[in-house]
Amino acid sequence: MFQGSPHITLDSKERFSVPARFRKALEELCSGQLTFTRHPDGCALLYPRPVWQKKKEELMALPFAARAFQRIVMGSAIDVEMDANGRLLIPQEIRSSCSLNRKEVVLVGLGQHFELWDAQKLEESEEQAKSENLSEIAAAFNF
């Protein structure tokens, strides 16, 4: 289970080092084979390949009315592999469509997958959520 939100710096080749706490689990779970895609919220999603295979099946089983959603998620999917040093290259299409153009990104662990955000965009998204319905949702959760 992936959790936490480490801030990561992209190198000059637009790669990032997967934090050590996730690296071993990804090696065991998927031999470093992952899939990037994009989320309608504007972030990139990063799935271990076996998890992505299940999500892909769920996505393709959606009704015809979900075609636009399918195009965004399936149409953006790109398979990648962690290199021997535990780095991942963020594909250009994902960097562009998810505004990952700055050097600082945040890798948000969400259980079986990750979201990858531009650090500033994530902060803005969280501030907007706080002003909208976040308190209603949080009220349903017992801390």
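Biologist: Which helix is R95 found in?

Modeller: R95 is found in helix α4, residues 92–97, where helices are DSSP runs of H or I with at least four residues, strands are runs of E with at least two, and both are numbered from the N terminus. This is a predicted model, in which local features need pLDDT of at least 70 and side-chain atom pairs count only at pLDDT 80 or more, while totals for chains, interfaces and linings use all residues. Residues are numbered from 1 along each chain as its sequence is written, and side-chain values use heavy atoms, with hydrogens and water left out.

Biologist: Is R95 buried or exposed?

Modeller: R95 counts as buried because its relative accessibility is 11%, buried being under 20% relative accessible area, exposed over 50% and partly exposed in between, with a 1.4 Å probe and protein chains only.

Biologist: What is R95 in contact with, leaving aside neighbours within four places in sequence?

Modeller: With those set aside, R95 is in contact (heavy atoms within 4.5 Å) with E14, I90, L100 and N101.

Biologist: Changing topic, how many helices and strands does the protein chain have?

Modeller: The secondary structure comes to six helices and nine strands. The radius of gyration, taken over C-alpha atoms, is 16 Å, close to the 15 Å from the globule rule (2.2 Å times the number of residues to the power 0.38) for 143 residues, so the chain is as compact as a globular protein of that length.

Biologist: And what share of the residues count as buried?

Modeller: Of the 143 residues in the protein chain, 40% count as buried, and the C-alpha trace spans about 45 × 35 × 30 Å along its principal axes.
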